[in-house]
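Let's take a walk through this protein together, from a single side chain out to the whole chain. Have the sequence and the 3D view open as you read.

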Amino acid sequence: MSSGKVLLGVLAGVAVGALVGTLLAPDKGSETRKKLADKGEDYLDDLKGQFDDFLGALKDKYAGKVGEAEELIAKGKSKYNEAKNEFKNSVAEV
């Protein structure tokens with residue numbers, strides 16, 4: 001199971017637990033709604049932060065792979081040019 005699925009499951013469990021606990025609390029309806037809204041905002045902020053972290057990690061991996069690809073392309077071009085020059089030299093000698 002991936003860590004993303006586990007994290008999502010934990011967040012869902014915490015959200016359900018907070019919702020049930022708040023609904024069963026002996027507060028007025030307006031206070032309960034305010035608590036629910038506050039908790040929802042807190043969870044949303046946490047989720048946004050985790051999503052931003054995930055995107056940052058994804059961007060870092062992408063940038064690394066792009067750099068590796070550029071190096072590989074440069075090496076390929078260099079090898080191609082070397083082979084082309086060797087071929088020209090061998091043809092010129094004949």
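Does K34 count as buried or exposed, and what is the relative accessibility behind that label? At 54% relative accessibility, K34 counts as exposed. Keep in mind as we go that this is a predicted model.

D38 is partly exposed, at a relative accessible area of 33%.

The structure holds 2 salt bridges. Further along, K65 pairs with E68, and here the closest N and O atoms are 3.9 Å apart. Both of these residues also belong to helix α2, with a spacing of 3 residues, again about one turn of the helix. K65 counts as exposed at 53% relative accessibility, while E68 counts as partly exposed at 47%.

Now step back to the overall fold. The secondary structure comes to 2 helices and 0 strands. Helix α1 covers 3-23 and helix α2 covers 29-93, with L24 in the loop between them. The C-alpha atoms fill a box of roughly 100 × 25 × 10 Å along the principal axes. The radius of gyration is 29 Å, whereas a compact globule of 94 residues would have one near 12 Å.

The accessible surface comes to about 8100 Å², and 63% of it belongs to carbon and sulfur atoms.

One is nonpolar, about 490 Å², and is made by V16, L19, V20, L23 and L24. Among these, L24 is exposed, with a relative accessible area of 69%. The other patch is negative and is formed by E41, D42, D45 and D46. D46 is found in helix α2 and is partly exposed, with a relative accessible area of 44%.

Finally, consider charge over the protein as a whole. There are 15 positive and 16 negative side chains, and the centres of the two sets lie 4 Å apart.

Key:
Residues are numbered from 1 along each chain as its sequence is written. This is a predicted model: local features need pLDDT of at least 70, side-chain atom pairs count only at pLDDT 80 or more; totals for chains, interfaces and linings use all residues. Side-chain values use heavy atoms; hydrogens and water are left out. Patches are made of residues with over 30% relative accessible area and no salt bridge: like charges are joined within 9 Å, nonpolar side chains (Val, Leu, Ile, Met, Phe, Trp, Tyr) within 5 Å. Accessible areas come from the Shrake-Rupley method with a 1.4 Å probe; for residues, only the protein chains shown count as cover. A salt bridge is a side-chain nitrogen of Lys or Arg within 4 Å of a carboxyl oxygen of Asp or Glu. Helices (H or I, at least four residues) and strands (E, at least two) are DSSP runs, numbered from the N terminus. Buried means under 20% relative accessible area, exposed over 50%, partly exposed in between (1.4 Å probe, protein chains only). The radius of gyration is taken over C-alpha atoms; the globule rule is 2.2 Å times the number of residues to the power 0.38. Lys and Arg count as positive and Asp and Glu as negative; His and the chain ends are not counted. The place of a charge is taken as NZ of Lys, CZ of Arg, CG of Asp or CD of Glu.
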